[in-house]
Structures are given as C-alpha cells and as structure tokens.
Amino acid sequence: MLSRTLLRMGRQRPAAMLPSFARSYASSSNKKDDTTHFGYRTVNTEDKEKLVRGVFSLVASNYDVMNDAMSFGVHRLWKHHFINRLDAGMRPGALKPLDFLDVAGGTGDIAFGLLDHASKNFGDVSSTMTVADINPDMLAEGKVRYEASKWNDGSNRVTFLEQNGETMDAIPDASKDVYTIAFGIRNFTNIQAGLNTAYRVLRPGGVFACLEFSHVDNPVVDYAYQAYSFGLLPLMGQLIANDRDSYQYLVESIRRFPKQDDFSSMIKKAGFYVPEPGYENLTFGVASIHIGVKL
Amino acid sequence: MLSSGLGLRSVAQKRSFGLSVLTTAMASLMFSENNRLASKMESGKLHYEDSNSRFDKMLTEATFKRRAPEYPSHVPLYNVEKFMMFVGSGIGAYFHPERNEFIVGLGESTAIKPVLRRLQKQMLSDPVGRQILKERPRMTSTSLDLDYLKSLPPNTIGNTYVKWLEKEGVSPDTRVPVRYIDDAELAYIYQRYRECHDFYHSITGLPIIIEGEIAVKVFEFMNIGMPMSGLGALFAPFHLKKHQMERLYSIYYPWAIKCGLNSKPLINVYWENILEEDLDVFRKKMCIEQPPDLRAMRKLYFAAKKAAKN
C-alpha cells in the first residue's frame, strides 16, 4: 500500500536534521542530502522520483475516470481550450511536417487531441508525435489506447518513450517543434531542470506550452476550492479508487506548485520568450496555461 | 542626595528606578534596529530566501487545515466529510457489497463516538476486556500461527478456525487499518472488532456467501451493536433471491437475534488465548447455539429443486 511505501522511503536521514550551515561540513555530497517536498511531506530529493512514480502507477488504471469525477468533466474543457489555443499543425503548403512532443502525457489524451486538431483543421497527416512519460504504467495505458485508435494506421507517426522529463536522454537537441506538458510538471523533482530540458529539445521557433493547476487569487473562490480539493477529492479517491493517499498527494502537490508569475519567471529563466500577459488563467486560476517561445 | 531631590521616595523605589533605566538603555542598544538586522544577516535570514522556505510559508497560508493525527494512520475528518463518506459508501455498499472500500467507509463513518464509548465501557467493566485494551493484541497473518492451529485437536477453537478458513478458501489477511475514527483507543476497539470477524464466522460455522455474511452481521449487531452491521441486516436482504430470503427470515434471523442477545459480549473474548479451548465448552460458556449448516441447507434446496423438475 502507498502508505507503507511512503513510510519506508520517507525516512529522514540523520544529516538532514542538522542546521543548514553544519550540513555542508557534515557530508561530502551536499546535493544528495537535500530534501524536497512531496505534497506536504518532506522527503529526500533522490526518493521523490520513485514516490511520484509509485503514485502514478497506483492511479494509472482509473486515471481518466477519476479525472472526470474530480473535475466534473471540466478538465476536458481545459484541454480542448489548450489545444485550440495552441492551434498547432503543418499548414497546407508548408515544406516540413511538425514534430510534437507531449511530456508526462502517459494516457495520451493531449497527444491524440493535438493530432486530431491538426488533421481536422489543416489536413495535417504527416506530423510526428512522441509521447514521453516517466511512468511505465501510464505509458502502457496510452499504448493500449493508441492500438485501439485511428492513429494506429501503419504510418508509425506516434512513438511512446519512457523518459524522465528533467533529462530526456533519448531526445536530441533542437529536434521538436511543439513541447506540451499537461498536469505533469508539478510532479517534477526539479522543475527548472525540466524547463531547461524543454528549451534544449526545441528548435528555434518552437513553442513550449504548459497546462497546470495553479493558484486562485480570489479568496472566496479559493476557500471553496480548497475545501473541495482537500475534503472531497481524497474521499472520491478513497471510495472510487480505494486509494486516499495518492489523491491526498495530488491535492497537496497542487498547493506546492509556484504561483503563476513565479512560474512565468522560471520559464523566462530557461531562455524562453514569454509573450505578454505571461499566462492565461482558466476557471479563476484553478488551471493556467503558460506559453514560451524559443527564439 | 537624590532622595532630597525627589522628596519622599524610598530607597527601594530609587534602586528599581535606576535599574530600569539601566535595563532600558542596555536593551535599546542591544536590540536596536541596526543590531537586529545585523543578527539576521549573520544567520542568513536577511538577504537570502531559499525556495523551500517560501514553500513552507505557502503551507502555513493554507486555509484548509486538519487537526493533528492521534495515531499513525489517522486522518482526522470534519463531520461534514464523515457524513459525505457515510452517504457515498452507503450507496456503494448497497450496490456493491463485495467491494471492501465501501464496507470500510460505511463501518468507520457509522461507528460514532456513543457506540464506541459504550463498547469501551463494556470492555472496561470486564477483566478480560480490560486485558485486551491494555495489551492491544493485533491479529496479523504472523501472529496466528496457522500450522500450529492445524495441529490442535479437532474440536478446539483454533482448529475449527483453521478448518473454516480452508473450507471457505480465505486467509487471515491483515484487515485494513482503521483511519477515520478519532481517539486512539476507540480506533483500536473498532480494529479489534474488524479483525475478530472471521472468528465469529468460524464458531458459528457460517460461510462467506452473502447469506452467511448477513446472518453473521445480524448476530454481531445483536451482540456488539455496530450500526453498520444493523444497516447490513436491514438492507442487504433486498438483493437476495426469494428462496434465500425465505431461508434467512425463517431460520437464520431468529437464530441470530436470539443468540446474539442471549450470548455474553463477544468483544470481551481474548481469542488468541483460548485457541486450545474446546469449542463446545466455549459455546456453552458464552451461550451460543450452533445454527443449521447453511451450505448443507443450500445443497438440500437445490437437490429438491432438481428432483421436482424431474
């Protein structure tokens, strides 16, 4: 069970208990002793990746059912708006097809949505799509969906890769035109590294687009939103998916994510040009779209 | 002298006046704005803000906070949440009683404080109950040595239990830990109730099919009084076929009600210590009667039905 895994992995190492200045003298490799947040818990940095992978392995099988139940279907509206706003596709008369990269897109809904939009609006049937996810179980769900979909027509446009979004070793520099990540970047151990990698793999002129849960400014809406997310969502996880802890982690990780302006600054720091106004809030800021362009 | 200058002031007052002036002067020098800022800078809190401290601040800004947990797996819920869990798991348990998460949710949301306090009082007023509450034994797959139980003589509690497990094809799996009951001792009492469920099955001989479960639930409700078992006894039969309902209402409900009310409190039985006891002696002591074998009755019924068809 998740709680048992967390207890085993979430142990504080003795060096982490020392005050910060003593820590640098106490151990040779300071980086390894750093701790980070996992929801509201503090865990060792090197363990976070495993813990996140564990959470998504547990939620993979009813991922879409739970998404629909938790957001009452609104996540579909968000994703449609995201895809429409990106409006990506090889224009008729263009010379080269586009190379899409969907990160943390395990189950493939954004990936297939993008391909759909491109083919419906521009008649683009030659752009390639790479779906990368750190979790093999989510990727397996995506592959199953791909096999059953119309994209599995022998053209091999869609590839699935098990990759860590912070390094992405299998993807060469400047090889992608569109990098999308929906509801995935908050789970990265090092978000800035993920953004830097996004910059690396994009060609000049490439677009980075991120759809993520964010902060609600309006205090009244925020109160209702928090009561809902901390009260109802773990309960839904408990009753529908028999797993309260994973959904508790999910709502806590949403709180831990940087605010809209901070995240825009992080994108700028990675080297992207962020067009004004920097982000677009959806549903009062419950979700938000951040776009960056590599010039 | 100062005293002449300040009139009738006493020496003690003079001394405290001087001391307070001295203290004020020293403190205002030590804790002046510049000195405080310098101390902050020295300890690294003035100019450098690390992102972790910013995230920590975000944490304290949260408007939704839970009370501190009282035992390791505790999730302190608000009453609204408990009610929502009751509604959700109630609906789920009615339509899908085989799914454990609904039974768990329904049980823990209906085991309200008055019910558990009554049980606690019952346990505290009995010497064996007090021993159970003091030692807090947990039944895990390791604490019950199945091989040893198999080696016991046939009519003992332990051997009957193991034989029942094999007959029904279940294992003494670790029951889900209690999470939503506030107060550590009441949570233990509920955990004990959950873990002893299989023993109630084995001493009455009732199988794990839905009829057997309902019969055990009625028996438990009459004896222990957990609301969830009462709800199960009321609503679960609506799913059954006519012949099952007839059998339940005519034989097993009367048996369970009579037996549950007559027998001594089951919650005060220290099962781990009486595994070698003879089953009949135990039943007589506890005033429990053995109901008719449910699986045998079902076989008879289906055989009669087949014969009638032919």
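Where is the place of A:Phe72? Select A:Phe72 and look in the loop between helix 5 and helix 6 of chain A. Helices here (H or I, at least four residues) and strands (E, at least two) are DSSP runs, numbered from the N terminus. A:Phe72 is not a glycine, yet has a positive phi, near 55 degrees. Most residues other than glycine have a negative phi, and most peptide bonds are trans.

Some conventions before moving on. This is a predicted model, in which local features need pLDDT of at least 70 and side-chain atom pairs count only at pLDDT 80 or more, while totals for chains, interfaces and linings use all residues. Residues are numbered from 1 along each chain as its sequence is written, chains are lettered from A and ligands numbered from 1 in the order in which they are written, and side-chain values use heavy atoms, with hydrogens and water left out.

Next, select A:Glu276 and A:Pro277, which are joined by a cis peptide bond with omega about 0 degrees. A:Pro277 is in the loop between helix 12 (260–269) and strand 8 of chain A.

From that loop, go on to the sheet. In chain A, seven strands form an open sheet of mixed pairing, in the order 5-4-3-6-7-9-8; two strands pair if DSSP finds at least two bridges between them. Strand 5 (158–162) and strand 8 (280–282) of chain A are at the edges with a single partner strand each, so one side of each has no neighbour in the sheet. From one strand to the next, the twist averages 15 degrees.

Pick A:Leu282 and find A:Ala287 of strand 9 opposite. Now show helix 6 (residues 74–86) of chain A, which packs on the sheet and touches strand 6 (176–182), strand 7 (202–213), strand 8 and strand 9 of chain A; touching means contact, with heavy atoms within 4.5 Å. The direction of helix 6 makes about 160 degrees with that of strand 7 of chain A. Axes are lines fitted to C-alpha atoms, for helices over the stretch in contact, and angles run from 0 to 180 degrees between N-to-C directions.

Move to strand 1 (residues 35–38) and strand 2 (residues 41–44) of chain A, an antiparallel pair joined by four bridges. A:Thr35 has A:Asn44 as its bridge partner. The two strands form a hairpin with two residues between them, and A:Gly39 in the turn has a positive phi of about 65 degrees.

For a salt bridge (a side-chain nitrogen of Lys or Arg within 4 Å of a carboxyl oxygen of Asp or Glu), select A:Asp64 and A:Arg145, whose closest N and O atoms are 2.2 Å apart. The pair links helix 5 (residues 63–71) to helix 8 (residues 136–148) of chain A, 81 residues apart.

Finally, show both chains. The contact takes 23 residues from chain A and 24 residues from chain B. How many salt bridges are counted between chain B and chain A? The count is one salt bridge: A:Asp245 with B:Arg179, the closest N and O atoms being 3.0 Å apart. On chain B, helix 4 (51–60), helix 5 (79–95) and helix 6 (100–110) each give two or more residues to the side that touches chain A. Helix 4 of chain B gives the largest share, six residues.
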